[in-house]
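The following exercises concern a single protein model and a ligand. Work through each task before reading its solution.

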Amino acid sequence: MKRYNLNPKQHQTLTASETERLYAYVGGIRSGKTITGAHWALHNIIHQPEIKGGIFSNTVSQLNTATLSEFIGVLEAYGLFKGEHYVANKDPERYFGYKSKFEKHNGVWSFMNGAQVITFSIETMIRGIELGWCWGDEVQDAAIDSLNIVMGRMSGAKFPRTLWTMTPPMDNPDIDELIWGEKAIAHTIGTTYDNKANLPEGYIEQLEKTYDSLTFKREVLANRVTMSGLNWLYSFDRQKHVGARLPTTPACPFTLALILIIIHSRLSWRTGADTKTANNSFTTSMK
Ligand SMILES: Nc1ncnc2c1ncn2[C@@H]1O[C@H](COP(=O)(O)OP(=O)(O)O)[C@@H](O)[C@H]1O
Ligand SMILES: [Mg+2]
């Protein structure tokens, strides 16, 4: 059976998050994010069995193939086995003799000490449940509105706590802002190298060879690298950078602008037209 020795970043996440309502571990690929979240959840299961917990991931497939399978591994490593020490999707009364905190048991894991955890994906969110703690895995692609809905349910304890584990978002300005913006939430950043001791020999060297430099920075070093590698793209603001002079075309304004730029540059190149004149003729034709 696997044994887990927390790497320093995992350790830091678990201790620093103790006093935070919302904490994030932002880590590279295989930097140990899921294992960190699993330990965080297990800690709550053991120490706060009276409080309802939640474990979610961005998609159903991510939840089942990665998040919960790693979580099962962690439970086993600490001697907790399905069917013996906890049941999934079943009313615990028949197995452990306590009254369930849930009416329905789809996705609900019930432990012998009375702890209950609902597992879900953002895609299949169940409404009307108040949670006292919640771990969200792979939230970098989640819509901020969905995360806010989950946060809105965190009133089932005196000090509700949420942990998010994620790689740096590639194309999610809202989450990017929560990590690197002015009002950043408390977080730890870890790289794949931080978890090297727990990874197969040569794994990181393989990534060094296959990833291009921007992908490597984001996916391995957990740097802030957005889709185009240009963070300022996020701060593009029509009012500030374009102004009111250019008319807004409701259908595909960005595409239209691109087409105009391309046509314009070709025209000027073919005819040798002066940029200023060409510009004016476009402005006139659009009026
Ligand atoms: N503290 C640890 N001790 C032993 N193995 C670990 C530890 N943390 C992570 N691992 C192993 O490292 C690999 C990557 O961890 P995981 O948490 O799945 O990474 P991530 O979610 O960041 O991609 C997995 O095989 C996992 O079992
Ligand atoms: Mg993971």
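**Exercise 1.** What share of the contacts in the protein with a separation of 6 or more is accounted for by residues 24 or more positions apart?

*Solution.* The model is a predicted one. Among contacts with a separation of 6 or more, 69% join residues 24 or more positions apart. The protein comprises 11 helices and 8 strands, and 31% of its 287 residues are buried.

**Exercise 2.** Determine the strand order of the sheet and identify its edges.

*Solution.* Begin with the order: the 8 strands run β3-β4-β5-β2-β6-β7-β1-β8 in an open sheet with mixed pairing. Next, consider the edges: β3 (86-88) and β8 (186-190) each have a single partner strand, so one side of each lacks a neighbour in the sheet. From one strand to the next, the twist averages 15°.

**Exercise 3.** Describe the shell around ligand 1.

*Solution.* The shell holds 17 residues, the closest being G32, K33, T34, I35 and N198. Helix α2 (residues 33-47) supplies the largest share, 3 residues.

**Exercise 4.** Where is the pLDDT below 50?

*Solution.* The average pLDDT is 86, and 79% of the residues score at least 70. Values below 50 occur over residues 232-240 and over residues 268-287. Where pLDDT is low, predicted coordinates should not be read in detail.

Key: Residues numbered from 1 in each chain as written. Chains lettered and ligands numbered in written order. Predicted model: local features only at pLDDT ≥ 70, side-chain atom pairs only at ≥ 80, totals over all residues. Helix = DSSP H or I, 4+ residues; strand = E, 2+ residues; numbered from the N terminus. Buried ≥ 20, exposed ≤ 12 C-beta atoms within 10 Å, placed from the backbone. Contact = placed C-beta atoms within 7 Å. Near = placed C-beta within 6 Å. pLDDT = per-residue confidence, 0-100. Pairing = 2+ DSSP bridges. Axes fitted to C-alpha atoms, helices over the stretch in contact; angles between N-to-C directions.
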